Structure formats: C-alpha cells, structure tokens
Amino acid sequence: MSAGFYEVNGKQVPHDEEGYITNLSDWSKELAEVIAKQEGIDMTEEHWDVVNFLREYYDEYQIAPAIRVLVKAIKKKFGPEKGNNKYLYELFPYGPAKQACKIAGLPKPTGCV
Amino acid sequence: MSELEKNAEAAEVAEVPEEALNEPLYFDMEPKDGASAHIRSFPAVEEFQEQLGYPGERPENWQEVALAKMDELRGKFRSFRLFLDICVKCGACTDKCHYYMGTSDPKNMPVGRQDLLRSVYRRYFTLPGKWFPSLVGARELTEEVLDEWYTYYFQCSECRRCSVFCPYGIDTAEITMAAREILDSVGYGMKYTNEIITKVFKVGNNLGLPKPALESTLEDLEEEIEEDTGVKVRLPLDEPADILLVTPSADFFAEPHIDGLIGYAKVFHAAGVKWTISSYASEAANFGMFIGSYENMRRIALRIRKAAIDLGVKRIIIGECGHAWRAAYSFLNTLAGPFDFLDPKYPVPQHICEFTWDLIQQGKLKFDKSQNDHLKLTFHDSCNVARASRMGDYPGGQFDIPRNIIKAVCNHYYEMPEGTTHEATLCCGGGGGLLTDDLMELRKKGGSPRMKALKQVRDEYGVNKMAAICAICKAQFTKIMPEHGFAVDDIMSVHQLVSNAIILPGSIQEKELMEEQGQAADAAE
C-alpha cells in the first residue's frame with residue numbers, strides 16, 4: 001500500500017502508507033466499513049463493540065487502550081467467553097490493537113508492540 | 001486446577017508433534033542476488049526528521065553533506081574507521097547473519113553489508129581508492145548507492161552476531177549505525193524509528209502514552225493483582241521513592257510484556273521496597289542508539305537522569321528490554337552521568353533480573369514452582385543483553401541470571417541447540433529498529449533461524465513456551481510464532497513466570513499452599 005485516499009460517499013479521505021487515516025476527524029461509520037473491507041473483515045455487531053470502545057477510550061486518553069484493558073472491558077460487557085485475547089484475535093486477526101485502531105480511525109500504536 | 005489435571009495437561013502438550021522436522025538447522029546457503037532488494041521500510045516524513053535535528057528534505061549538496069558526515073564519524077569513532085580498514089575478506093561472517101539465512105541476499109552477508117559503505121569510504125578517504133578505484137572496489141557516492149544503503153542498512157538489526165565470528169571482531173552494527181546517521185544527515189531517515197523518538201520527546205515514551213492513560217492502566221493492574229492474590233500490590237507513578245523503575249513502555253500496553261510488569265510489581269512488593277515509575281521517563285528504550293545518533297541518544301538518556309533527581313531516588317532499575325539494557329549498562333553514565341547522587345552500594349543502573357535474583361539468593365522470595373508445571377520452557381537470549389552488556393559481577397552473568405530465575409520458578413527448563421544461544425544467540429528478527437509492519441517480510445525471514453532452533457527443542461523435549469527479557473523480542477515473536485505452528489502466547493516474559501509462581505505474604509496462594517501442605521502432612525501421619 002502507498003499513501004492515498006479512501007472513497008466514501010463520493011468523498012476522498014486521505015490515509016498514510018499503512019492505511020491509517022491522516023485526519024482523525026474524517027472518520028465515519030461508512031469509512032470504517034470501507035477500511036474493514038480492505039482488511040478483509042466483515043463488520044459484525046461484535047466488531048463494532050470493540051471499535052466503539054476504542055473510540056471512547058481514545059476520546060478520554062488520546063491513545064488506544066492496552067490489550068488487557070480492552071479485554072477486561074469486553075469481558076465486563078459480554079461475559080468471559082468473549083473477554084479474552086483469543087476472541088479478539090478472531091475478530092481482528094492482525095492483532096486487535098493495530099487492526100482495530102485502523103478501522104476505528106485512530107493512530108497506529110508505535111513502539112515495541 | 002488440581003495437581004493431577006495439571007500434570008495430565010503437561011503430558012498432553014509434551015507430546016512430540018507428528019510433523020517433527022528433520023531438516024538441518026540452517027538454510028540453503030546459495031546466494032541469490034537482489035533477493036531482498038524489494039524490502040524497504042517507509043522513509044520518515046519531514047516533521048519527524050526535523051524534530052530530531054535533521055533536514056526534512058534532501059539538501060542539494062547532499063553528497064558533500066554525506067561525505068562530511070562520514071569524515072566526522074571516522075574521526076570521532078576509531079572503531080568505525082578501524083572496521084572499515086581491517087577486513088581481509090576471510091568469509092567467516094558470510095553465513096552468520098539471520099537475515100542472510102532468511103533471505104539468501106548476499107548484501108545481507110555481514111561483509112556484503114559492510115562493503116556497501118566501505119566501497120564509498122575507500123573512494124574518498126584512502127589513497128588507492130582515490131587513484132585506482134576499480135582495483136580496490138571503490139565507488140562513487142551516487143543516488144543509487146544512497147538508496148541501496150537505505151534498503152540494506154535497514155535490513156540489519158544491529159544484533160552483532162557476526163562480530164562474534166569475525167577473527168578481527170568487526171562489528172557490523174557500528175557500520176550500520178554510522179550509515180543510518182549519514183542517511184539521516186541528508187534527510188533520508190526511517191519513519192518507524194524517527195516517529196518513535198519524536199514521541200519520546202513529546203510525551204515521554206515510544207508509545208505516546210500520556211500520563212492519565214498510564215495512571216489508569218496502572219490502577220487497573222493494581223485491581224487485577226488484588227483480585228488474583230487478595231494482596232494490595234501498588235504500581236506507584238511519580239511518587240517519591242528509593243527506586244526508579246525505567247521500563248519499556250510496551251510493558252504498559254502489550255502482551256506478554258504487561259505480565260512481566262505485574263511480576264516486577266510483585267517482586268518489589270515482596271521485597272518491601274519503595275519504588276516508582278516516572279511518567280516523564282516512562283521509556284527504557286533508546287532508539288537513538290538504533291539510528292547511531294549520539295545526540296538523540298543523549299537527549300533520551302537525560303530524561304532518566306532528570307526523573308531520578310526529581311523523584312529523589314537512590315537507585316535506578318531497568319525492566320526487561322534488550323537494547324535499553326545496553327544503552328543503560330554501557331552508555332548511561334557517559335551520556336547522562338555522573339550519577340553520584342545515587343546510592344553507591346548498588347550498581348548504576350541495575351537490571352530487574354539482578355534485583356530479583358539477588359532476592360532469590362537471599363531467600364527473600366517464596367515460590368510455588370508447581371504453578372508453572374504446565375509449561376516447558378526455553379530461554380531466548382536477546383542480542384543486546386547477550387553480546388553488549390553483562391549482569392551480576394562476573395563475565396557471563398547475563399546468561400546465567402535470567403536462567404537462574406527461570407529455574408527457580410519453573411520445574412521444566414531446556415536449552416535450545418548450541419550455537420543458537422548465549423554469545424551466539426540468534427536475533428528475533430525484529431531488533432535494531434526493524435520492528436515495523438512495513439518490514440514484516442524481512443522480520444519473518446530473519447526470525448526463521450530462531451524458529452527452527454525452537455522447533456528442535458519442541459520436537460525433542462516437548463518445549464511449549466519460550467521466555468525472553470526484551471520488549472522487541474516479545475512483540476516480534478507474538479507476530480512470527482503463529483506462522484511456525486506456535487500460539488501467539490507461547491512467548492512469555494521472564495517476570496511473568498515469576499509472577500505465576502510467587503507466593504506473596506498474606507495472599508490467597510499462601511493460604512492454599514499452607515492448606516495443601518497441612519493435608520499432605522495429615523496424610524503422611
């Protein structure tokens with residue numbers, strides 16, 4: 001991939017070389033569907049729960065949550081059979097942090113992660 | 001889980017898989033020209049270049065600037081000049097690089113990599129190269145050469161394995177670092193490393209984790225530990241203390257890193273010491289080293305000094321992070337010293353493994369090793385710990401101490417094949433600033449020799465987990481192990497094992513253990 005645009009409702013939304021959107025305010029639910037499709041993910045209600053949580057957390061802390069925090073939040077809401085790493089990797093095979101962040105329109109977590 | 005069930009589970013995982021590999025450890029060594037020429041990381045954008053004090057764009061007189069930088073570096077670092085001068089092309093290094101093993105590209109042979117820069121050095125800085133360039137393999141610095149540098153100097157993880165096998169001790173990592181510094185000086189930096197350093201300057205860590213988020217994560221972990229153990233174990237942030245823990249920010253974010261952090265917290269609690277994390281120096285990693293930038297390395301290291309003074313600590317302890325330990329053990333004093341305000345009774349700095357092992361030797365930590373009985377462990381020596389630092393007070397302590405800890409908390413431990421551990425350890429494939437998604441192909445190929453060694457002990461002994469003490473290694477293995485038939489959580493932190501087995505005074509685990517022992521005593525009577 002190289003830097004370019006996502007096409008949403010006739011509008012062009014710029015993204016970087018890795019597909020993360022450049023302006024966080026460009027995000028919309030329609031855009032999330034477009035990014036997910038490109039990632040080979042069919043957005044279900046379960047995917048949306050994770051994406052929505054990430055966005056709420058980001059609003060408060062300006063960063064994505066640690067995987068552990070995410071797992072706990074999902075567990076609290078949907079019970080232990082969904083509150084685990086394995087479940088999150090099933091939803092987002094390339095890793096819940098990076099892939100889900102991309103779909104949620106958040107910056108990519110950097111560092112040794 | 002009862003002891004019986006655990007043993008049954010251990011027996012199950014110990015079964016040797018049917019597809020046991022009988023292949024030799026290493027690869028077909030036939031070189032393939034240009035096999036990895038297409039693997040290139042994303043260059044840094046202007047913003048990240050400038051934050052680090054480099055030009056945002058390539059200057060018009062870039063050749064002049066690059067050669068002036070090379071001249072400066074050969075004057076400043078005698079090792080760099082020596083390494084460029086003394087290679088006799090004996091070939092001992094050629095098959096020692098994991099990226100060569102994984103890609104077969106001869107420019108990933110250590111000597112091949114060195115020659116990319118050596119050829120230009122000869123042309124401009126040696127007499128034969130100035131007069132008879134074609135006779136001595138000297139070449140002009142052209143745009144193609146610069147691009148080739150960018151490609152292949154970001155296919156080296158600066159792990160220094162080749163230097164162990166070079167009869168002259170030529171350290172390719174130093175040449176790679178110099179090449180990256182030259183590239184940066186003409187505005188040709190790498191996105192991953194330079195964006196991360198920018199975040200350290202802005203926020204305090206590689207992740208860009210702001211203080212409120214860090215605070216909330218630490219509180220969460222405190223709750224979790226209390227739920228698990230019944231003991232209130234603190235993870236203090238920015239509190240006056242005796243010990244400052246500086247750990248990679250991945251320890252606050254990723255798995256299995258965070259389990260290691262929980263382990264440190266439990267050890268500190270059991271030791272009864274006052275410790276703290278600093279939000280200002282919430283990063284042990286120092287990517288300034290990866291790009292060969294003394295100035296950026298120093299700016300990052302000075303944050304640790306400032307945090308130590310501001311919090312009034314007497315000791316500095318570094319968490320599980322490979323290159324951070326090199327930066328701290330070998331360079332911290334030069335970069336940010338003197339640390340005469342710290343307690344001279346303790347090493348400056350100290351590794352968390354040294355701290356824990358010291359307590360184990362004094363009998364101050366209590367363990368129930370059976371908590372790790374379902375695991376069959378091996379240990380991956382991280383390159384920078386193995387070849388660029390030491391632990392304890394004798395040579396080789398950096399190999400023994402982490403293993404001693406594992407053996408003190410686990411019953412089943414096995415070594416990977418000789419020649420792939422200790423000083424000759426294989427890189428994880430993601431070190432030196434290459435742990436980025438845009439280099440995933442290289443990471444998979446470079447990590448394959450380690451995976452092969454791991455498969456050997458899996459097939460021979462039923463090893464099902466590998467432990468490490470480096471944030472990069474851990475993150476890299478969570479990505480590549482699933483490609484080799486392992487699970488994403490088959491890589492563990494050493495202090496995660498400690499955390500599993502430690503019996504904190506007054507904990508649920510202590511009560512259970514006493515009951516078990518009481519029952520065993522009753523049964524014996």
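Mentor: Chain B is divided into domain 1 (46-189) and domain 2 (197-501), with bounds that come from an automatic or database domain assignment. Residues are numbered from 1 along each chain as its sequence is written, while chains are lettered from A and ligands numbered from 1 in the order in which they are written. The model is predicted: local features need pLDDT of at least 70 and side-chain atom pairs count only at pLDDT 80 or more, whereas totals for chains, interfaces and linings use all residues.

Taken over C-alpha atoms, the centres of domain 1 and domain 2 of chain B are 30 Å apart. Their contact involves 23 residues from domain 1 of chain B and 25 residues from domain 2 of chain B; two residues are in contact if their C-beta atoms, placed from the backbone, lie within 7 Å. On the domain 1 side, helix 2 (46-51), helix 5 (98-103), helix 9 (161-165) and helix 10 (172-185) of chain B each contribute at least two residues. Helices (H or I, at least four residues) and strands (E, at least two) are DSSP runs, numbered from the N terminus. That side of domain 1 of chain B comprises 10 nonpolar, seven polar and six charged residues. Here Ala, Val, Leu, Ile, Met, Phe, Trp, Tyr, Cys and Pro count as nonpolar, Asp, Glu, Lys and Arg as charged, and the others, Gly among them, as polar.

Turning to the strands, chain B has an open sheet of four strands in the order 2-1-3-4, with parallel pairing; two strands pair if DSSP finds at least two bridges between them. Strand 2 (275-277) and strand 4 (350-351) of chain B are the edge strands, each pairing on one side only. Strand 1 (residues 243-246) of chain B runs parallel to strand 3 (residues 315-318) of chain B, and four bridges join them. B:L244 stands opposite B:I316 in strand 3 of chain B.

B:M451 lies in helix 20 (residues 440-461) of chain B. B:M451 counts as buried because it has 23 C-beta neighbours inside 10 Å; the cut-off for buried is 20 or more other C-beta atoms within 10 Å, against 12 or fewer for exposed and values in between for partly exposed, with C-beta atoms placed from the backbone. Not counting residues up to four places away in sequence, B:M451 touches B:I480 and B:H484.

Finally, chain B also meets chain A: 17 residues of chain A are in contact with 31 residues of chain B.
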